Amino acid sequence: MSLTIRGSAKARDQPSCNGFFCRMVCLPKCIFGGFSRVMGRRNQYQPSELQLQHPQLLHPPVVPEDWAFLVSFEQQYGTTHPFFYACSFMQALKIAEDEHKLMFMYLHSPEHPFTPSFCSRTLSSELVVQFLDANFVCWGAIADRGEGLQMAATLQPASFPFCAVIAPAAGNNIAVLQQMEGPIDPAELVEILQRTMEEQGSAFGTTVRGREEEHMRARIKEEERIKARAKEQEKLRADRQLREEQDAAYFVALQRDQEKENLRNARAQKPIEASNQTNYQNPRQMHREKQLGKPRQSSSVGEAQYKETITHGKDTQILIRFPGGERREHNFSCTDKILSIYRYIDSLGLPGIANYRLISNFPRRVYSFDQMGMTLKDAGLHPRASLFVELL
């Protein structure tokens, strides 16, 4: 009898997987099960000394499904064998994925004529034991019961002993990278496994590491997003605080300007009232001056100033206050537009005055881009107004 090898690169009729030829198999739902790893419990089902002295006390123990293969193997061939995980197939596959290793699967057929020589000479060989323990996660099952029967029905081996090299795949699939059927000596088994690792194992190891790196990148990205959001919130709080401080300073400055404006208006009102009193003449005095031919004074000082202002066309006085405390006063025509004020401020060339808007107080109103085309009269700035420059 000769060894049959399937799933190698020579099998051109097999589908391609990551650049290598392998066999993709969809697992049945009944493969999923619980986990109970064997560690220091190999003697659990060994008969006690009392039972050995009194065979009538020896009763066959109830062996869990996960332990059935291991107990059967050690009872017939001893405890020298690769470290087989006593757990479900899917959990052994998960252990292999976590440790970045491939899985070595062995389906045990106790009644097959090739089984005794394979177990005693190959699986119990020190060369095979050391190689498998160092490079693979091993899982075994009896081929005619439990998950072993399900895997045999899924993989459909042509002969026994049956070994396969398994790698995880997407969904409920597995990738059978190599499968060996029939008798095989230890050196040949190690050579086949070594070649499989070199040719195909790196691709699936890279896939596992790639998924881990992808998860790591996702975590890093999430942490960066949280930090960016915290930084943005901190910037919003700082901007809000700065805006509140600017508004407070703005209202204080407007209040001072309003007080000064009221004081100037009061001072300007006194000459006008005095001029009105001087220009006022009762009818008798006017009739007397007319009879004497004495000419009447043409106008008061306030009227002359107003006519002079009208003559020059500048009948609107705008007081502009800057954030640094500086003030500028300029006369405009009531038909000038808000844009004229912006042009005047730009012509001053003051440092730090680039992006700004104009605000009036009592009532508070913003004159920005949408109001550029309004005249000063329509904007309510005629004949006199005070504006504040607010930086953006």
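Select Met24 and Ala175: in strand S8, Ala175 is the bridge partner of Met24. This is a predicted model, in which local features need pLDDT of at least 70, side-chain atom pairs count only at pLDDT 80 or more, and totals for chains, interfaces and linings use all residues. Residues are numbered from 1 along each chain as its sequence is written, and side-chain values use heavy atoms, with hydrogens and water left out.

Next, display strand S4 (residues 23-26), which pairs with S8 in the antiparallel sense over four bridges. Strands are DSSP runs of E of at least two residues, helices are runs of H or I of at least four, and both are numbered from the N terminus; two strands pair if DSSP finds at least two bridges between them.

Between S7 and S8 the hairpin has four residues, and Gly171 takes a positive phi near 70°.

Now colour S8 (residues 173-181) by accessibility. Eight of its nine residues are buried, so the strand is largely enclosed by the rest of the structure; buried means under 20% relative accessible area, with a 1.4 Å probe and protein chains only.

Move to His81, in the loop between helix H2 (68-77) and helix H3 (89-98). His81 is buried, with a relative accessible area of 5%. Show Glu74 as well: a polar contact of 2.9 Å joins the side chains of His81 and Glu74.

Technical notes:
Buried means under 20% relative accessible area, exposed over 50%, partly exposed in between (1.4 Å probe, protein chains only). A polar contact is a pair of N or O atoms within 3.5 Å; within protein, one must be able to donate a hydrogen and the other to accept it, and residues adjacent in sequence count only if both atoms are side-chain atoms.
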